[in-house]
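Subject: Structure handover

Hello,

Here is the structure for you to look at. My notes on what was found follow below it.

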Amino acid sequence: MQATDEMEQALDKDRKYLWHNILPYREDHRPMVGVRGEGSWITDLEGNKYLDGMSGMWCVNVGYGRTELAQAAYDQLAALPYFPLTQSHLPAIQLAEKLNEWLEGDYVIFFSNSGSEANEVAFKIVRQYQQQIGQHYRHKFIARYRGYHGSSLGALSATGQAQRKFKYEPLAGGFLHVSPPDSYRRPAGLTLEQFSEQCAQAVEDMIIWEGAETVAAVIMEPVITGGGLLVPEASYVQKVRDICTRHGVLLIMDEVICGFGRSGRKFGHQNFGIRPDVITMAKGLTSGYLPLSATAVRKEIYEAFKDSELHGHLRHVNTFGGNPAACALALRNLEIMEREQLVERSQLLGERLHQRLTALHDHPLVGDIRCFGFMLGIELVADKQTKEPVPLSVITGIIAECKQRGLIIGKNGDTVAGFNNVLTLAPPLSSTDEDVEFIIQTLLQVMSISRLDGLVGEAT
C-alpha cells in the first residue's frame, strides 16, 4: 500500500511539473518511474523489473549500475569539478587522445554536450573551413530523408523526418535531402547492387544540380537508426565517400548512435572501410551516465583554422562541453569496453539475435528484419505484397505487451507519415546470454499472439 501511495504521489507531481520528451499530452499518462538499474535491467518505483531493450535512448552501452563510472566522476568532481576549454584540463586531453586511437585516424576533437550540439559544431566548422580555403560559395548540406541528426535548429534542418519538423518551420536554410537506401522498398526489378548505385547517384545528382561549388558537405549516419534502421549495402557508403572526394565536398559521419561498439566495430563507418572528414558522436561515449559529445575533425581541416586574420579562428564556445567529470567518466567507459571486449561481444550478440529472430520472417505482419551490430529493426506491414505499413495501434500494442512481460522495446516514432512501423532493439552491449534469450523468447511469444486487429490471446 505504501509503494502504491508513493507512486501516485510521484505521478501527481510528474503531471504537475514535468514536460516529457516527444509524448502527446494525456491526462491519465502513467510513465514508468525508474529508481534503479543493474546490468540490462531497470527497476521502477513499484518494484517491477524490466529488461531495457533500447539501452535508454540507444546509449547505455555498458549497462546500468557501473559503480566504477560513478567513482571516476566523483574523483574528478572532488579534484576539479569544472574548468572551461577556453583553457584545458587533463581528462579532456586524455580523452581526445583516446578517441583518436579508437578512430584510427588523425583527428582534432571539439567537445560539446549532446549529439545535436556536436552536429551544430560540425556545420559551423565545415562552412568556415570552406570559406577559409577560398570556397566562398560552399554553404549547402546534403542529408537523407528519414535520417535524424538532432533537435536544435541546424540539426533539425538536416533531419529528414517531416513529423519532427512540423510546426517548427521555417528552419535553417541550405539543407537539402535525397532518398535513403531503403533496400526493402526498392523498385521491383532492381538488384540490391543496382539500387545502391541508384541511391548513391542521387547524392551526386544533387551536388551537380545544386552546383558543386555551392555544396559544403554531406551528412549521414552509417545506418539510419531512429528513422527505421535502414542498413545500406556496403558499396553505397563507399560510393558516397568517393562522390564527396570527387566534388570537393566534405563527408560528415553522424556516429551518435552507431558509435562506441553499437555497430560491432568501434564506429559504424569502420564497417564500410571509409574515412570521414568529420565525425560526430555522443550517447555511448559515456554510456549515457553524463552528458558529453564530440566533433572529430580531420587534422588537415583543423589546419585551416590557424589563419591569423581577423575571424580566422573558430568562434564557437560551449560552457559545459568537455566537463572534466564527464571526460573522466568517458575514459573509464572506454576502458571498460576494451577490458570486457564489448565491441566484439556486440557483433556476437547481434548475430545471435538476428539468427534467432529470422523465424519471424514467416509471420504475416513481418515485412523485413534488419540488423547492424547489436541493434535490430522489424518492419511490420499489413500486406506483404504491397508493403503497406501496419496501423500505429499495432505497433503500440506490441510494445505494450512486451512491457507487460518485462521487456522494453522501441519504435521509429514521429518520423515520416505512414512509416512509423518499425520495432527497434538496441540492448546494452554488456547484456548476458540469459538477457538475450529473454529478449528473443519474449518477442517470439508476443509476435505469436499479434495480428493486424491487435493482440488476440495466447496462441495454442
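Two strands count as paired if DSSP finds at least two bridges between them; strands (E, at least two residues) and helices (H or I, at least four) are DSSP runs, numbered from the N terminus. Strands E2 (residues 41–44) and E3 (residues 49–52) run antiparallel and are joined by three bridges, with Thr 43 as the bridge partner of Lys 49 in E3.

On the conventions: residues are numbered from 1 along each chain as its sequence is written, and side-chain values use heavy atoms, with hydrogens and water left out. As the model is predicted, local features need pLDDT of at least 70 and side-chain atom pairs count only at pLDDT 80 or more, while totals for chains, interfaces and linings use all residues.

There is also an open sheet of seven strands, again with mixed pairing, in the order E4-E10-E9-E8-E7-E5-E6. E4 (107–112) and E6 (175–178) each have a single partner strand, so one side of each lacks a neighbour in the sheet. E5 (residues 140–144) pairs with E6 in the parallel sense over four bridges, and Ala 143 stands opposite His 177 in E6.

Helix H4 (residues 90–103) lies across E4, E9 (278–281) and E10 (293–298), where contact means heavy atoms within 4.5 Å. H4 runs at about 125° to E4; axes are lines fitted to C-alpha atoms, for helices over the stretch in contact, and angles run from 0 to 180 degrees between N-to-C directions.

The largest nonpolar core has 61 residues, and Leu 95, Leu 99 and Leu 380 have the most contacts inside it. Helix H11 (residues 324–339) gives the most to this core, with nine residues. A second, separate core of 31 residues includes Met 54, Leu 229, Leu 251 and Ile 257. A nonpolar core is a set of buried Ala, Val, Leu, Ile, Met, Phe, Trp, Tyr and Cys residues joined through side-chain atoms within 4.5 Å; buried means under 20% relative accessible area (1.4 Å probe, protein chains only).

Leu 380 touches, among others, Leu 365, Pro 389 and Asn 421, leaving aside residues up to four places away in sequence.

Regards

Terms used: Buried means under 20% relative accessible area, exposed over 50%, partly exposed in between (1.4 Å probe, protein chains only).
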